[in-house]
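Hi,

Here is the structure I promised to pass on.

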Amino acid sequence: MTDEHRTPVSLSGLPANDPHLQPAARNPQLVERVISVCFIVGTLCIAGFGACYWIDAQAWKLGATLGGGLLFLGIGIVAWGKYLMPRGPFVEERHTLANSEADRQAFAAAIVERGGGVVQRRKLLGKLLGGGMGIFGIVAMFPLLRSLGPLPKTTMQHTDWRSGSYVVDQSGRRVQVGDLAVGSIETVFPEGTENSDRGQAVDQTVLIRVSNEAFTTMKGRETWAPHGYVAYSKVCTHLGCPVGLYEQELQLLVCPCHQSMFNVTNGAVPQFGPAPRPLPQLPLYVDSSGYLRSQSGYHEAVGPGFWERS
Amino acid sequence: MSDVIDTKRAKKQALGPYGRVGQTLDELDDRLGLARGGRTFMDKIFPDHWSFMLGEIALYSFLILMVTGVFLTLYFIPSSAIVTYHGSYAPLDGQKMTQAFASTVNLSFAVRGGLLMRQMHHWACDIFVGAIVIHMARVFFTGAFRKPRELNWIVGSTLLILAIVNGFLGYSLPDDLVSGTGIRIAYSIILSVPLVGTYLAFFIFGGNFPGTAIIPRFFILHCLIVPLIIIGLVSVHLFLLVRQKHTQFPGNGRTEKNVVGSPMFPVFMAKTTGFLFIVGGITALLGAFAQVNPIWQFGPYDAARISYAVQPDWYMGFLDGALRIWPSWSFHSWGYTIPFEVLIPAVVLPGLIFNLVFVWPMLERKFTKDNEIHHLLDRPSNRPKRTAAGVTMLSFLGMLFIASSTDVLAKFFNLSLNTVLVSMRYLTVIVPILAYPITYRICHEIQALHGGGRRKTPNVVTRSSEGEYSATPSPRYVDDVPSHLEATPVPTYIHEDPEESGDGGVRVVDR
């Protein structure tokens with residue numbers, strides 16, 4: 001390619017006194033002084049930042065000096081560009097991005113005729129290769145996904161609460177029938193899971209003593225709350241936050257994330273908010289030594305909804 | 001002695017008129033052919049309107065994110081292994097926590113400058129997402145997304161999604177009580193997807209919640225994969241901007257066929273470099289004086305505990321608000337559950353919103369049947385329908401954002417949660433519906449105003465000795481406004497002596 005084929009470069013000159021080249025400021029000397037002050041203060045701040053870092057000063061001093069330094073330097077540089085550099089306005093031509101019809105046709109022809117022609121003539125090869133690549137894509141995805149985690153199977157459907165599990169608090173101490181006063185609440189776990197991630201996330205249960213006598217939250221749950229001990233899953237049925245707030249006067253369990261409220265005395269039926277289902281209740285009994293234990297696991301999956309939740 | 005001076009002069013002359021700089025440039029041009037493109041790039045014109053700097057805020061806060069983020073990666077340990085804390089922050093001494101949390105507390109208190117870097121990183125992220133949203137609003141309301149820039153609109157919208165996603169990932173890394181609750185909610189949202197939700201959640205988290213895989217996985221996503229995609233897309237964004245050139249507002253000699261403003265070098269370069277410093281400075285000052293995300297006050301994550309008033313970073317607010325006010329409609333039949341109470345506000349709704357954003361340029365082209373190339377921007381009031389649609393969307397998102405603090409509002413106004421929630425449900429529907437006709441009306445009113453939106457020159461009112469008043473335009477604003485000058489191409493040469501240059505006109509030289 002020789003230079004003759006190139007369009008000539010336009011070189012333009014302007015005299016130094018051309019109005020476009022004058023600074024935008026009406027009083028450039030003043031602006032220059034202000035910018036000098038900005039640069040000096042900025043430099044001092046940055047030096048101060050260095051000093052603060054050296055003596056290991058508090059974070060706010062580091063930030064103040066660094067921020068002040070950058071801010072003053074920045075304001076100075078912007079002011080230099082805005083007020084002391086040629087004010088213009090300058091113009092640039094805009095060329096149409098679209099090429100000529102001939103260029104477009106040549107481009108399309110190169111792709112369709114040359115490339116397409118090759119494929120058209122070897123249809124079978126094209127199909128075979130396409131199929132191979134497609135299967136490769138699908139197969140490549142499967143082991144990648146499967147390597148990332150185990151299959152859910154039925155792990156979502158049940159917790160570690162079993163028939164006869166001891167109810168323990170966060171420190172692993174077994175809860176006895178006299179431990180909680182009426183109106184008290186405790187977060188409990190099936191014994192042995194209180195320190196595990198899964199125990200924390202899935203098995204967490206709120207134990208509330210609502211009265212001194214056996215309490216019935218719902219028809220068919222007459223034996224579930226001995227001595228007034230009611231136990232509900234602590235995992236919110238909306239999005240799984242721990243339902244951690246207990247409004248004793250209204251007998252409500254409140255989820256702090258999205259304010260779902262569950263009625264403690266009425267089978268934890270949602271009374272307000274976006275939660276769709278009651279918190280599952282854990283049936284309890286008191287054994288001969290006075291320890292609280294679970295009659296069985298939860299009768300349904302705890303926590304938020306998912307497809308396989310029956 | 002004079003010999004030495006002569007040699008110096010001879011050497012200087014041998015270097016050519018532009019000295020060592022010129023020689024270096026020649027050497028580069030010999031090898032890379034830089035001269036022509038380099039000069040074109042120096043002459044690239046940037047419009048002077050202030051609204052064009054909003055994208056720069058986003059770009060520079062992203063730079064700050066990368067610099068502060070690299071610093072943080074040197075000290076953060078992405079591990080769910082449990083350790084007992086014995087660091088310099090006494091209130092947490094002896095507590096069990098994950099290494100992720102412990103190392104975050106350590107880099108805040110034991111690493112010199114660590115706390116400032118962490119604070120700046122968090123603030124820069126909030127500014128980053130905010131600047132993208134405002135920049136996008138500018139592009140939307142002025143019609144800068146129209147043909148030929150639809151592609152760049154889509155790239156920009158993708159960048160917004162990536163910024164939000166990466167913000168959430170980074171927010172989750174310290175594994176504190178508040179962010180851990182956020183991850184729990186994210187897990188439940190993934191679960192809500194019909195058919196594959198449980199599998200997706202298990203593959204992403206490596207099993208049932210919480211597992212030990214999520215912190216290292218989020219770490220690699222947050223620090224490598226998402227930033228790489230962002231860097232790639234920002235490059236595409238800027239390349240398209242240079243290739244298609246800037247849009248500009250009409251008036252003062254600005255047409256569809258030109259761009260009027262300041263040249264890349266040195267004017268824009270000075271302004272934009274200074275602006276980088278200013279954004280950095282403000283971020284540092286925010287980091288110094290405004291505490292953000294003090295995780296040591298929340299404590300380490302524990303799935304069975306929760307802190308009061310859990311709220312995400314501001315850019316996740318609209319999602320949280322939607323989850324709060326959407327009713328508890330769940331589908332349950334034939335042994336299967338579709339948790340609509342989560343699926344619709346947290347999956348379907350954001351999907352619809354972002355899809356609408358993506359296809360808007362095409363939708364508008366279809367409805368207006370306007371297939372022309374546009375380089376001149378619209379004044380928002382001259383496009384009442386588009387402006388009203390944009391305000392409707394923003395007010396809808398705004399109401400969802402407000403709804404994410406129903407508990408705070410109830411406490412502040414001393415109302416029951418129920419009242420606040422029900423009113424937010426109504427307001428989220430009513431406010432956007434009202435916003436459309438009101439905005440439409442205001443646009444028409446502005447159009448009807450004479451000279452609306454143009455800055456008026458101040459008048460000087462004088463009283464004559466007879467007591468007669470007269471008003472004349474202030475001379476200050478008349479003699480000296482650059483817009484009175486016709487725009488000129490960026491000069492290649494500046495002649496110190498006006499005599500020498502003749503008329504200063506354009507010479508065309510063959511090379």
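A quick definition before anything else: helices (H or I, at least four residues) and strands (E, at least two) are DSSP runs, numbered from the N terminus. This is a predicted model, in which local features need pLDDT of at least 70 and side-chain atom pairs count only at pLDDT 80 or more, while totals for chains, interfaces and linings use all residues. Residues are numbered from 1 along each chain as its sequence is written, chains are lettered from A and ligands numbered from 1 in the order in which they are written, and side-chain values use heavy atoms, with hydrogens and water left out.

Most residues other than glycine have a negative phi, and most peptide bonds are trans. Trp334(B), in the loop between β5 (331–333) and β6 (336–338) of chain B, has a positive phi near 50°. Trp334(B) is also exposed, at 74% relative accessibility (buried means under 20% relative accessible area, exposed over 50%, partly exposed in between, with a 1.4 Å probe and protein chains only). Asp56(A) has a positive phi too, near 55°. You'll find Asp56(A) in the loop between α1 (28–54) and α2 (59–84) of chain A, and at 43% it counts as partly exposed.

There are cis peptide bonds to look at as well. One runs from Lys147(B) to Pro148(B), with omega near 10°, and Pro148(B) sits in the loop between α6 (114–141) and α7 (150–172) of chain B. Another goes from Phe209(B) to Pro210(B), with omega near -5°; Pro210(B) is in the loop between α9 (197–205) and α10 of chain B.

Now the cysteines. Taking a disulfide as a pair of cysteine sulfur atoms within 2.5 Å, the count is one over all chains. The pair is Cys241(A) and Cys257(A), with sulfurs 2.1 Å apart. Cys241(A) lies in the loop between β6 (229–233) and β7 (245–247) of chain A and Cys257(A) in the loop between β8 (252–254) and β9 (261–263) of chain A, so the bond ties together parts that are 16 residues apart in sequence. The S-S torsion is about -90°, so this disulfide is left-handed. Cys241(A) is buried at 1%, and Cys257(A) is buried at 2%. Cys255(A) is in no disulfide: the nearest cysteine sulfur, in Cys236(A), is 3.9 Å away. Over in chain B, the sulfur of Cys125(B) is 12 Å from the closest one, in Cys223(B), which is too far for a bond. Cys125(B) is buried, at 11%.

Last, the second largest pocket. A pocket here is an open set of points on a 1 Å grid over the protein atoms alone, where a 1.4 Å probe fits, with protein on both sides within 12 Å along at least five of seven lines; lining residues have an atom within 4 Å of a point. This one has 50 lining residues, and Ala35(B), Arg36(B), Arg39(B), Thr40(B) and Asp43(B) lie nearest its centre. α3(B) gives the most to the lining, with eight residues. Elements supplying at least two lining residues each include β1 (9–15) and β2 (90–93) of chain A, and α10 (214–244) and α11 (264–289) of chain B.

Happy to talk it through.
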